[in-house]
Amino acid sequence: MKDLTNEIIELIRRTSSNLPKDVEDRLRAAVEKEAPGSAARGALETIMKNIELSRKNSTPICQDTGTPIFRVHYPEGWSARKLREQIRGAMAEATKKNFMRPNAVDAVYDKNTGNNLGGDDFPSIHFEEVDADQPLTIELMLKGGGCENVGRQYSLPHNELGAGRDLAGVRKVALDAVQKAQGQGCAPGILGISIGGDRGTSYIKSKEVLYDKIGTRNADPELAKLEERLTEESNQLGIGPMGFGGQTTVIDTKITGLSRLPASYFVSVSYMCWAYRRRKMVVRGEEVEYD
Ligand code: SF4
């Protein structure tokens, strides 16, 4: 099995310093929606300058390089254990090269490990086996702490919000999460929402949908409609970029539906900040492609 440590370091560099084009395009379009001279437009213009400079200098887009979350689709016959070792080696090396800030802090002893390696949980790595003739795909998302702090999970029915166990209830709690995030979490944001599951799977799936490109709609027309509606209605709340007021609070919403127990109805909202760092590498034989 090929050693991909250097290629994974390059994946980390690209993810940390170069926002995907679909995100950048959506943020650029948002600048034009804000009034000339407004604080909202100023904040977005600063964000755009920051994005360009980071790409040019290969420096992190934000000082918080976030929780690294890998999703690995590995062909049958590859070793997940060896891939984990390579990913961890690449993360330590990328931290030395300053593509990542040392972010792994032992929560019990309050000690930063200095190399972005904690126990098996940091970086977070999720493996899925695919057929032997499929390429190896490694996706990486860097999820900032500020936006992670404003993620929320609701157990429906939620009497205070008048939210029942249906899509109307999901809409109410999702808008509540956006409202409560205002001024924190570095808007404009992207909402990843999962409906159902247990508490753990619900949060995991609400993040997994964030690997999809901006504008990807759920195949279920009802959920696709709700995705569009939530983006539109979030933008009517007037929270705006970095909470300065304005038209752009959320640039996209992605929803996934899961199975649930008859007794439970969880809705998890993962909030991703404008620094929506998400990249992938695809390995076919000797060839490595980055997206
Ligand atoms: S929430 Fe995002 S943009 Fe804000 S500080 Fe954290 S990583 Fe940076």
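Me: Why does P75 count as partly exposed?

Reply: Burial is judged from C-beta atoms placed from the backbone: 20 or more others within 10 Å means buried, 12 or fewer means exposed, and partly exposed is in between. P75 has 15 C-beta neighbours inside 10 Å, so it counts as partly exposed. Bear in mind that this is a predicted model, where local features need pLDDT of at least 70, side-chain atom pairs count only at pLDDT 80 or more, and totals for chains, interfaces and linings use all residues. Residue numbers start from 1 along each chain as its sequence is written.

Me: In which strand is P75 found?

Reply: Strands are DSSP runs of E with at least two residues, helices are runs of H or I with at least four, and both are numbered from the N terminus. P75 belongs to strand β1, residues 67-75. In total, the protein has eight helices and eleven strands.

Me: Which residues is P75 in contact with, beyond its neighbours within four places in sequence?

Reply: A contact needs two C-beta atoms, placed from the backbone, within 7 Å. For P75 the partners are V130, D131, A132, Q134 and L136. L136 is 61 residues from P75 along the chain, yet their C-alpha atoms are 6.0 Å apart. Across the protein, 77% of the contacts between residues at least 6 apart in sequence join residues at least 24 apart.

Me: How do I read the pairing of β10 and β11?

Reply: Strands pair if DSSP finds at least two bridges between them. Here β10 (residues 277-284) and β11 (residues 287-290) pair in the antiparallel sense, over four bridges. M281 has Y290 in β11 as its bridge partner. Two residues lie between the strands of this hairpin, and G285 takes a positive phi near 60 degrees.

Me: What domains is the protein divided into?

Reply: Domain bounds come from an automatic or database domain assignment. Domain 1 is 5-14 + 61-144 + 277-290, and domain 2 is 146-272. Their centres, taken over C-alpha atoms, are 26 Å apart. Nine residues from domain 1 and eight residues from domain 2 make the contact. On the domain 1 side, β1 and β5 (136-143) each supply at least two residues.

Me: What radius of gyration does the protein have?

Reply: The radius is taken over C-alpha atoms, and the globule rule is 2.2 Å times the number of residues to the power 0.38. For 291 residues a compact globule would be near 19 Å, and the protein agrees, with 19 Å. Its C-alpha trace spans about 55 × 50 × 45 Å along the principal axes, and 41% of the 291 residues count as buried.
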